[in-house]
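Subject: Structure handover

Hello,

Here is the structure you will be taking over. Please open it before reading the notes below.

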Amino acid sequence: MDRITPSASAAEWWRTLVDQDAVRGTLRLVNGLILIAVGPAYLKMLVPILSDLPEETIDRLRIFVGPDVSMLSERLVAQTLPYDNRLDGPDSPIRGTKIDFVSRALRHFATIVMHQYPTAPIAKQAKHVEELSRHWGRPNVHPGARRSDAEIKSLLRQHWDRTGGLSTKLLRVLRDELSVACEQKRFSRLASEVRSEGMSV
């Protein structure tokens, strides 16, 4: 596979790809709340843009990142919502996998919290999230059984049709129903290999 040379860091790649001044300008012009739900790697690259926004615009940010806020400045931490692993627990109304955690948190916030407090300040909305999640149990974490690549691919084929070949559903079947341990990158590789075999989607 051809690669771009010289190599670049993620931050350099982001600065080259994105007109950061244009993003700042767009965010300043947005009316209402600005909901941000991206993975940690992308959020880390967004931090310089978000930190340079006017105070009034920062006040309208709602950031969905989970309990690890180490990549955020103290000012941006104040704009996060307190969703944690209880969102994956047995009482959660919107369970899923780690890979879709932030999108599920955003969905819960947009459909439940904003429905009741659409224009409230972050402190009021965050308190409501805490009140709701207080009644959710945390997920039971059981060490999954180790399986070979061939065994996991066989399981994926068996459950492909009923999940529609959707990665999030397949991973949930492996981990929750079959108690099979499979790291995210490994799962993505194996699912891609099975998909390339021509499995129906």
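Predicted model: local features only at pLDDT ≥ 70, side-chain atom pairs only at ≥ 80, totals over all residues.

Salt bridges

There are 14 salt bridges in the structure.

Asp21 and Arg24 form one of them, with 3.1 Å between the closest N and O atoms. Both residues belong to helix α2 (residues 20–29), and because they are three residues apart there, about one helical turn separates them. In general, an α-helix has 3.6 residues a turn, so residues three or four places apart point the same way.

Asp84 and Arg86 make another salt bridge, at 2.9 Å from N to O. Here Asp84 and Arg86 are both buried.

A further salt bridge links the side chains of Glu197 and Arg157, with an N to O distance of 2.8 Å. Arg157 sits in helix α8 (residues 149–163) and Glu197 in the segment after α10 (184–196), so this pair ties together parts that are 40 residues apart in sequence. Glu197 is partly exposed, with a relative accessible area of 41%, and Arg157 is partly exposed as well, at 33%.

Salt bridges with shared partners also join Asp149, Lys153, Arg186, Arg189 and Glu193 into one network.

Helix α3

Helix α3 covers residues 40–51, twelve residues in total. From its first C-alpha to its last, α3 reaches 16 Å, which is close to the 16 Å expected at 1.5 Å a residue. Which of its residues are buried? In α3, these are Leu43, Met45, Leu46, Val47, Ile49 and Leu50. The buried residues of α3 pack against several elements: the helices α1 (10–17), α2, α4 (55–59) and α5 (74–77), and the strands β1 (34–37) and β2 (61–64). Helix α2, which holds the Asp21 and Arg24 pair, is thus one of the elements that α3 packs against.

The second largest pocket

The second largest pocket has a volume of about 300 Å³. How many residues line this pocket, and which of them lie nearest its centre? The lining has 13 residues, and Val65, Gly66, Pro67, Lys98 and Phe101 are the ones nearest the centre. By type, the lining of this pocket divides into six nonpolar, four charged and three polar residues.

Regards

Conventions
Residues numbered from 1 in each chain as written. Heavy atoms only, no water. Salt bridge = Lys/Arg side-chain N within 4 Å of Asp/Glu carboxyl O. Helix = DSSP H or I, 4+ residues; strand = E, 2+ residues; numbered from the N terminus. Buried < 20%, exposed > 50% of the residue type's maximum accessible area, 1.4 Å probe, protein only. Expected span 1.5 Å × (residues − 1). Contact = heavy atoms within 4.5 Å. 1 Å grid on protein atoms, 1.4 Å probe; cavity = no way out; pocket = protein on both sides within 12 Å on 5 of 7 lines; lining within 4 Å. Points joined across faces, edges and corners; volume = space filled by probe spheres on them. Nonpolar A, V, L, I, M, F, W, Y, C, P; charged D, E, K, R; others polar.
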